[in-house]
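Subject: Structure handover, salt bridges

Hello,

Here is the structure for your files. My notes on its salt bridges follow below.

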Amino acid sequence: MMRCQRHRRTELLFTFCLVLGIGLLVTLGCPRPASQERPKASGQQVSSQSIANPSTPKQPATEMGESATPQVPVSEPAPKSELKIPSVVMAEVDRAQCKLFVGDVIPTAVLPNLEGQESDIKQLLGNEGTVLVFFSVGEGQRERLLASNLLGDLQEDIVKTHGSSGVSVIAIHVADDKGRLAALVKDAQVEFPVLVDRDGKYYGQFALHSPPALYLLDSSGKILWLDIEYSRATRENLKQAVEALVAKKS
């Protein structure tokens with residue numbers, strides 16, 4: 001009798017536990033396995049990198065047919081340096097030999113050419129500027145060669161290059177020519193006026209030293225640049241001075 005009651009009590013306890021477990025399952029539901037949420041289809045593919053690192057900012061979408069390669073900016077050409085008339089720097093002893101200097105206006109004069117026809121200096125000035133040069137044939141071969149090179153360079157560097165821009169050349173031979181000047185001018189094939197200052201009085205208003213001497217003048221006859229010798233450096237400085245003058249006027 002006691003054994004039957006104990007067995008029945010065990011069956012009731014088991015039944016109660018079974019009913020309680022079924023009730024919990026109904027109330028809470030069955031646990032689901034964790035799964036990775038798939039991205040919604042939006043017509044665009046989602047890269048694996050964006051899924052792995054969602055904090056990475058999105059790149060802007062390019063239009064259809066537009067290259068995704070970034071364009072390289074086109075660099076602008078560097079501006080050209082402004083041409084300037086070279087500064088005239090002289091030793092004190094050379095400066096003391098110059099009666100006229102930069103900023104002074106040349107005096108006027110009437111001098112004969114090789115044919116004896118007289119010309120007014122101011123009437124020969126160029127519309128944009130003038131290279132005025134004093135020279136001398138001299139007695140020796142060296143002086144003659146220097147004078148020939150000087151005239152030839154002026155013809156090539158100034159007349160042919162800047163003559164059409166309104167820059168002229170006036171050459172004045174200091175002292176009597178003694179028949180040598182005409183042959184020198186003919187050999188140099190110059191196309192600019194060559195005048196003769198036989199007594200040197202006109203040149204004496206410019207300087208105390210012996211020629212050569214070169215002056216760059218503006219259209220009014222004011223001195224813009226000068227040199228009291230002729231060398232390779234003088235030639236290059238004169239070319240730069242004339243180029244700067246023409247560039248300023250254009």
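A residue is called buried when its relative accessible area is under 20%, and exposed when that area is over 50%, with partly exposed in between. D157 has a relative accessible area of 11%, so D157 is buried. Please keep in mind that this is a predicted model.

Seven salt bridges turn up in a search of the whole structure.

D157 takes part in one of them, paired with R235, where the closest N and O atoms are 2.6 Å apart. This pair links distant parts of the chain: D157 sits in helix α4 (residues 141-162) and R235 in helix α6 (residues 232-249), 78 residues apart. R235 has a relative accessible area of 26%, which makes R235 partly exposed.

A second bridge joins R198 to D176, with 3.8 Å between the closest N and O atoms. R198 is in the loop between β5 (194-197) and β6 (213-217), and D176 is in the loop between β4 (167-174) and α5 (180-188), so the pair ties together parts that are 22 residues apart in sequence. Both partners are partly exposed, R198 at 48% relative accessibility and D176 at 40%.

E236 is partly exposed at 41% relative accessibility, and K239 is partly exposed at 26%.

Finally, D153, D157 and R235 belong to one network, joined by salt bridges that share partners.

Regards

Notes: Residues are numbered from 1 along each chain as its sequence is written. This is a predicted model: local features need pLDDT of at least 70, side-chain atom pairs count only at pLDDT 80 or more; totals for chains, interfaces and linings use all residues. Side-chain values use heavy atoms; hydrogens and water are left out. A salt bridge is a side-chain nitrogen of Lys or Arg within 4 Å of a carboxyl oxygen of Asp or Glu. Helices (H or I, at least four residues) and strands (E, at least two) are DSSP runs, numbered from the N terminus. Buried means under 20% relative accessible area, exposed over 50%, partly exposed in between (1.4 Å probe, protein chains only).
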